[in-house]
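Hi everyone, thanks for coming.

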Amino acid sequence: MDQLLNDFSPGLFIIQSVLMLVVIFLMIKFAWKPIISALDEREEGIKNALESAEKAKLEMESISSSNEKLFNQAREERDTLLKEAREIKAKIIAEAEANAEAEAAKIIASAKEAIEAEKKEALAELKSEVAQLSISVAEKLLKEELSDAKKDASFVNGLLGEVNLK
Amino acid sequence: MKETTHMNLRKSGRNKLLGLISLFVFCSAFASGTAPKSDGDSEGHGAITSESEISEYILHHIKDAHDFHLFSYDDSEGHRRHVGFPLPVIVHTSKGIKTFMSSKFHHDDSGHHVVEKDGVALVKYHEKIYELDQGAHRVEFDEAHHPTNAHAVLDLSVTKSVFGMLLVFTLLIFWFRRHALQYRKNSIPKGFSRILEPLVIYVRDEIAKPNIGEKQYRKFIGFLMTVFFFIWTSNLLGLMPFGFNITGQIAVTFSLALFTYSITHFSAKKDYWKHIFWMPGVPIPMKIILAPIELLGTLTKPFALMVRLFANISAGHIVVMSIIAIGITLRNTMGVIGASALSFALSLFITTIELLVAFLQAYIFTMLSALFIGMAVEEHEHH
Amino acid sequence: MTIPNLVGAGLIVIGAGIGLGQIGGKAMEGIARNPEATSKIQTNMIIIAALLEGLAFAAIFLGK
């Protein structure tokens, strides 16, 4: 301790303290402040650049995922459209078939009706023709065989009964 | 082909480094080993040969000096010649401030040579300047070698350490001003600033930020950086052949420790004082016992800071110089070549370690300063 | 330096040596066990070693 105190030079201490104080302030003003702020600025810049790169990456990802989504949607839409079209086609075909069948049935029915009517008409005509014929036959018969009246009448009646068509 | 040139380059780089180190050690060995003692003690001015002269020389080197002594030699007439240059002496005497060059003492360090300056008689004894009392023409010593008829004066001279200090401060301002200006042009430094920038970032990120905290470190970074680079550069300068010993002066380290102490206690928060005087969370009798211990602790911390730096650097210088002195002391037993080779090898080893110590001490001083400041400004959550 | 001073300095150096050995050894163990914490352990090791060293130096110089 004695030697420490003996070696201690107050003058050196004063000079060192004053110089140190001055140098600390000079260095803070002219060196450390600009250096630290420049470093901070640079680090901030690097941080920002990294962040924006990260953001861009995320954006890219989201864009590609939305692209995928759109694509999928489009495909789905196409599928549904195709499906609908197929359904419509089947329906149309079925409807057409049904219509055609109905039409055919109708046509057949009307044809049958017309045939029936024709038949009836033909029958009626036939009947009246037959009646006419019968009358003329009867007239002839009456003219030739008037003597055998009784026999003739029963003959005519027998003929008529035979001719009675439906 | 490319591989081999690359290897050659690396090899030549390593060789260069080795060459540099050995040149450096050789220079320091040469400068210190052959330089004789400069304190012209009564028994002649000869080269240093005996062990007691060596230890005296080493102890003299550890101290501050008033002139810049490079080396000495014997001229053809057998006179001892000293090569170096004088430094200005500025002393505050009883008759005001006196200035003159240290060459007026004629390399006398024993107090025999009296310098008369405007009616003030001054002598230099063991690198301390004394003013003789009125009427005295010769300095008298008591048994403990303290002058009896003279008193020490306030010595504001530009001593060797002050000279070195000025050199270091000039270098620091020059380097870091240039470094700071570089950022105006481009954000990535070039040249020597490339070495400085990682160091600045190291001090900021490894010393200031973790110890003081992200929020408050900016207030103290200027002090920490300046102290770190001052101590480191001074330590490295001390390893160079000129024999500076700035951080080995107790006055210098005391000043540095006082800076840390003042900054710590002027910026201390309420919590810090509370933890010293009225430690929370312990019973009251314990609080009363703890207060003086804690108060003493605030003093011992900067004291240890001061003594550590001083002792490490002084011890380093003493060890390096003692090992260099092996070349002289073991000359008789090992021969000139053997002793020189041994001292060269050992001093190469120790100087390499000292290079590490130079950084380590700067780091530890700054680290502990940051730690103490951090403890003082920390906001404790109440427990 | 008188002989009691030298003996005291020797005792201090022994104590400091034991302490430094403990610090260094335990730090190495810690690093071996947990290599990721190397830098933290190193920093704390240096701080504690520095505190111990300061104590030893202070004792030596106060006794001198």
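Let's start with the salt bridges between chain B and chain A: there are four of them. By salt bridge I mean a side-chain nitrogen of Lys or Arg within 4 Å of a carboxyl oxygen of Asp or Glu. Side chains of opposite charge can pair when their charged atoms come close.

A quick word on where this comes from: this is a predicted model, in which local features need pLDDT of at least 70, side-chain atom pairs count only at pLDDT 80 or more, and totals for chains, interfaces and linings use all residues. Residues are numbered from 1 along each chain as its sequence is written, chains are lettered from A and ligands numbered from 1 in the order in which they are written, and side-chain values use heavy atoms, with hydrogens and water left out.

Which residue of chain B pairs with D40(A) in a salt bridge? That is R204(B), with the closest N and O atoms 3.3 Å apart. The pair crosses between chains, from helix α4 of chain B to helix α2 (residues 10-144) of chain A. Helices here are DSSP runs of H or I with at least four residues, strands are runs of E with at least two, and both are numbered from the N terminus.

Is R204(B) buried or exposed? R204(B) is buried, at a relative accessible area of 0%. The cut-offs are under 20% for buried, over 50% for exposed and partly exposed in between, using a 1.4 Å probe and protein chains only.

Staying in helix α4 of chain B, K209(B) and D205(B) sit four residues apart, about one turn of the helix. They form a salt bridge too, with 3.6 Å between the closest N and O atoms. K209(B) counts as buried at 18% relative accessibility, while D205(B), at 28%, counts as partly exposed. Through shared partners, salt bridges link D40(A), E43(A), R204(B), D205(B), K209(B), E214(B) and R218(B) into one network.

Over all chains, the structure holds 10 salt bridges. One that lies elsewhere joins R78(A) to D79(A), at 3.4 Å between the closest N and O atoms; D79(A) is partly exposed, with a relative accessible area of 40%.

In all, 46 residues of chain B are in contact with 32 residues of chain A, where contact means heavy atoms within 4.5 Å. The area buried between these two chains is about 3500 Å², and carbon and sulfur atoms give 77% of that. Buried area is the accessible area (1.4 Å probe) that two parts lose on being put together, summed over both. F169(B), R204(B) and F259(B) supply 15% of the area that chain B buries against chain A, more than any other three residues.

As for chain B itself, this chain has nine helices and nine strands. Of its 383 residues, 48% count as buried.

Finally, a glance at chain C. How many residues does helix α2 (residues 38-63) of chain C have? There are 26, reaching 37 Å from the first C-alpha to the last. That is close to the 38 Å expected at 1.5 Å a residue, the expected span being 1.5 Å times one less than the number of residues. Among the buried residues of α2(C) are I47(C), F57(C) and F61(C).
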